[in-house]
Amino acid sequence: RKSVDKRLAAFLVEESQNSGQEEFPLTHDRAARELGTAREVVTRMLRYFQQEGLVLLSRGKIRILDRERLYELAQESLR
């Protein structure tokens, strides 16, 4: 079973690819449902990703700042 950080990174990379954008709508609630984890866990991970300079969070959306590092983190979780 993959850790939540890897699964969340993979989810963000996939969502960005699907939307064709670096910035796309995303709620912590939907991410939590997709990943089968608690919203609080997603919120904590996203804040960590933001501190690390991987993403920029704003209300109801997210912008990927460092696709390379997110991709590396996600590597084996990408479907």
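Strands β2 and β3 (residues 61–64) pair in the antiparallel sense, over four bridges. The model is predicted.

- Three strands form an open sheet in the order β1-β3-β2, and their pairing is antiparallel.
- Its edge strands are β1 (23–25) and β2 (55–58), each of which pairs on one side only.
- Within the pairing of β2 and β3, Val55 has Ile64 of β3 as its bridge partner.
- In general, strands of a sheet pair through backbone hydrogen bonds, in either a parallel or an antiparallel way.

**Helix packing**
- Helix α1 (residues 4–19) packs with helix α3 (residues 39–51) at an angle of about 75 degrees, and their axes are 10 Å apart.
- Angles of 65 to 115 degrees count as roughly perpendicular, so α1 is roughly perpendicular to α3.
- On the α1 side, the contact is made by Val4, Asp5, Leu8, Ala9 and Leu12.
- On the α3 side, the contact is made by Val41, Val42, Met45, Leu46 and Phe49.
- Sorted by class, the contact of α1 with α3 has nine nonpolar residues, no polar residues and one charged residue.

**Val41**
- Val41 and Leu26 are 15 residues apart in sequence, and their C-alpha atoms are 15 Å apart in space.

Note on methods
Residues numbered from 1 in each chain as written. Predicted model: local features only at pLDDT ≥ 70, side-chain atom pairs only at ≥ 80, totals over all residues. Heavy atoms only, no water. Axes fitted to C-alpha atoms, helices over the stretch in contact; angles between N-to-C directions. Helix = DSSP H or I, 4+ residues; strand = E, 2+ residues; numbered from the N terminus. Parallel < 35°, antiparallel > 145°, perpendicular 65-115°, else oblique. Contact = heavy atoms within 4.5 Å. Nonpolar A, V, L, I, M, F, W, Y, C, P; charged D, E, K, R; others polar. Pairing = 2+ DSSP bridges.
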